[in-house]
Amino acid sequence: MFYNSLVNDYRKVTFMLTIKEVAQAANVSVATVSRVLNHDKRVALKTKEHVLKVVKELDYTPNTLGRNLRVSATKKILVLLPSVLNQFFSSVMQGIEESVQARGYQVMMSTTRSDPQIEQSYIEFLYNKSIDGIIFFNSEQTPEAIDRLSKKYPITFCISSLEGAKASAVTIDNVRAAFLEALSSLIQAGHRKIALVYEPEASHGKLRGQGYKRALAQFGLPIRPEYLQPCDSSFDSGAEACGRLMALSDPPTAIFAISDVIAAGVVQRLLRLQKIPGRDVDVFGFDNTDISRMITPTLSTIQQPGYLMGKLATELLFEKMEDLTAPSKTIFVPHELIFRETTRKAVKSEEEGT
């Protein structure tokens, strides 16, 4: 008898109780225990109290991982960012977090550093059902890989889309923003030597690069390879790219950067070289983040509705979570040029209603 008691106690400590064992101890069905643990209002109060009493006596802890695997709902969404250096991402994340949390879900955020292997390690969270879906800010995967992924799992893109992939996305028309508007405004202001500081491997960098080249072609201007300066998404990288441009024998008279933080680095380096942005060299940024208003001189830039983009991307993701076969769609949101002090011949100023 004493030996059997020790064995039973050992089993209680060593082995995790199953929901079936709880049901047997409470003399109810497994379904009833499950409803109680999931706060189903259909369970009678007396039955609920009895089951919870047994759960407490047995010190039962639900195996949430196992439950999540069975019902394929972890209530967690993963957002993958290339980095946290871009201030614009914070407004997008606010829109995502509010929308996700309103549905009773949690948001996890991770950075990939634009490394395809790191990105793939996070994508594997979908395979083992640790998350319910992914919102990509950028991707280093091939369009074919994203297409295969989107057929099996809920994913969507926010800020930029992966060219050639069929996944849902929320973005601005990056080519139009760079081509028809920002670059055209510089050209119409008289500039013929315009440089581009950009991330050539990033999807949004590629699209804005296309817009840059189309603008030059439309106005009959040559594409000068030395004016295409690659960088990463950091302030310092923008400054270094500007230094290389200004060291050329025929430096540009205007610089278009694909983010405000990169453009801020350009502005700083120009000032160190005793060149006044907006007088000696015009500078255009992208995103209209706080830094564009905080630096001196203030930065001309392109505004994107980050908060709205985050909310819409969440809507698209939940559409896929509810029906994976729903058609993928791309939503283009409006953008706006904001003219400030780093461009000298602005058509209109922010104060005048831009």
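**View 1. Helices H6 and H14 cross in a right-handed sense.** A crossing counts as right-handed if the near helix is turned clockwise from the far one by less than a right angle, and as left-handed if anticlockwise. This is a predicted model, in which local features need pLDDT of at least 70 and side-chain atom pairs count only at pLDDT 80 or more, whereas totals for chains, interfaces and linings use all residues. Residues are numbered from 1 along each chain as its sequence is written, and side-chain values use heavy atoms, with hydrogens and water left out. The axes of H6 (residues 88-102) and H14 (residues 306-322) come within 7 Å and cross at roughly 40 degrees; axes are lines fitted to C-alpha atoms, for helices over the stretch in contact, and angles run from 0 to 180 degrees between N-to-C directions. H6 is therefore oblique to H14 (under 35 degrees is roughly parallel, over 145 roughly antiparallel, 65 to 115 roughly perpendicular, and the rest oblique). Contact (heavy atoms within 4.5 Å) involves, among others, Phe-88, Val-92 and Ile-96 of H6 and Tyr-307, Met-309 and Phe-318 of H14.

**View 2. An open sheet of 6 strands has parallel pairing.** The strand order is E2-E1-E3-E4-E5-E11. Helices (H or I, at least four residues) and strands (E, at least two) are DSSP runs numbered from the N terminus, and two strands pair if DSSP finds at least two bridges between them. Strands E2 (106-111) and E11 (330-332) stand at the edges with a single partner strand each, so one side of each lacks a neighbour in the sheet. On average, neighbouring strands of this sheet are turned by 20 degrees against each other, direction ignored.

**View 3. Helix H7 packs on the sheet that contains E3.** H7 (residues 116-127) touches E1 (76-81), E2, E3 and E4, and its direction makes about 150 degrees with that of E3. E3 (residues 133-136) pairs with E4 (residues 155-159) in the parallel sense over 3 bridges. Phe-136 stands opposite Phe-157 in E4.

**View 4. A further open sheet is formed by 4 strands in the order E7-E6-E8-E9.** The pairing is parallel. E7 (228-230) and E9 (282-284) are the edge strands, each with a single partner strand, so one side of each is left without a neighbour in the sheet. E6 (residues 194-198) and E7 pair over 3 bridges, and Leu-196 has Leu-228 in E7 as its bridge partner. Helix H10 (residues 203-218) packs on the sheet, touching E6 and E7, with its direction at about 170 degrees to that of E6. Helix H12 (residues 260-272) lies across E6, E8 (254-257) and E9, running at about 160 degrees to E9.
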